Amino acid sequence: MAALTSLSFSAVTHCPERKKLTFSPTRFLATSSDFFGLRTHFSYHHVGVRASNSTSNMVVQCMSSVADAPTVSETKLNFLKAYKRPIPSIYNTVLQELIVQQHLMRYKRSYRYDPVFALGFVTVYDKLMEGYPSDEDRDAIFQAYINALKEDPQQYRIDARKLEEWARVQNPSSLLEFSSKEGEVEGILKDIAERAAGKGEFSYNRFFAVGLFRLLELANATEPTILDKLCAALNINKRSVDRDLDVYRNLLSKLVQAKELLKEYVDREKKKRDERAETQKANEAITKCLGEQLPGL
């Protein structure tokens with residue numbers, strides 16, 4: 001596998017040759033290498049609405065309890081009730097798949113929220129929803145999604161922003177020296193390392209891998225060995241991270257391809273409508289002109 005640390009998130013948006021509208025990207029959040037099919041139907045999915053009040057005060061020490069966990073159907077229903085506007089199916093199909101898989105992560109007995117996980121999800125969500133017609137709707141969908149999982153959407157955004165700001169002032173060396181430094185983010189990373197080493201609850205997932213990669217990107221840590229060293233410092237399996245980042249890269253490529261196809265379709269239909277409108281105007285002008293001239297003949 002090529003080293004993924006040399007690949008920026010902007011680079012993965014480059015798409016190779018596009019041939020047809022139907023595509024099947026790798027299942028991003030599956031626990032195995034199964035695939036799920038995504039199709040670019042140019043339609044909208046209508047959902048019901050009722051504001052969700054189920055937010056939770058997320059702290060790093062919080063763990064889920066399987067005994068009182070809602071079902072996947074209940075989580076999906078909470079999302080559908082919380083956002084009633086139509087969502088283009090190119091986005092909605094992936095959102096529905098993601099919320100099912102994140103529900104399974106969220107209610108594992110070993111689940112424990114942490115900011116790196118939050119950074120990973122925010123990165124995935126923002127890339128998925130890039131180019132969405134309305135910024136306001138994009139934020140409302142995010143709120144509905146996280147609330148449906150009984151977590152705090154503001155906490156996700158705050159923690160993601162905090163880690164991004166920290167990473168921007170780091171360099172490859174300082175990024176790896178978190179264990180010998182004091183600070184809020186350094187403390188978060190130390191806590192993860194301790195838990196991943198078996199001194200507490202830790203459940204690795206693909207959002208976490210994306211969060212790590214985002215830290216590397218912002219710190220301009222492009223050398224492949226940096227990811228190796230960071231995973232070792234955090235007691236994370238590097239092979240799992242490589243695999244999951246490759247899956248993420250492939251999914252982004254497929255999504256970008258689908259969005260470009262959608263844009264081409266919309267542009268083509270708009271051009272057809274404009275041409276029909278121009279033809280109709282020309283016909284009306286000719287008819288009017290002839291009507292004015294015929295009476296004098």
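Reader: What percentage of the 297 residues of the protein count as buried?

Author: 45% of the 297 residues count as buried, where buried means under 20% relative accessible area with a 1.4 Å probe and protein chains only. This is a predicted model, in which local features need pLDDT of at least 70, side-chain atom pairs count only at pLDDT 80 or more, and totals for chains, interfaces and linings use all residues. Residues are numbered from 1 along each chain as its sequence is written, and side-chain values use heavy atoms, with hydrogens and water left out.

Reader: How many helices and strands are there?

Author: The protein has 10 helices and 4 strands. They are DSSP runs numbered from the N terminus, helices being H or I with at least four residues and strands E with at least two.

Reader: Take helix 4. Which of its residues are buried?

Author: Asp 137, Ile 141, Phe 142, Ala 144, Tyr 145, Ile 146, Asn 147 and Ala 148.

Reader: And what do they pack against?

Author: Helix 1 (72-82), strand 4 (87-88), helix 2 (89-106), helix 3 (115-128) and helix 5 (153-168). Contact means heavy atoms within 4.5 Å.

Reader: What happens just after helix 4?

Author: Lys 150 takes a positive phi of about 60° there.

Reader: How do the residues lining the largest cavity divide?

Author: Into 4 nonpolar, 3 polar and 3 charged. Ala, Val, Leu, Ile, Met, Phe, Trp, Tyr, Cys and Pro count as nonpolar, Asp, Glu, Lys and Arg as charged, and the others, Gly among them, as polar.

Notes. Buried < 20%, exposed > 50% of the residue type's maximum accessible area, 1.4 Å probe, protein only.
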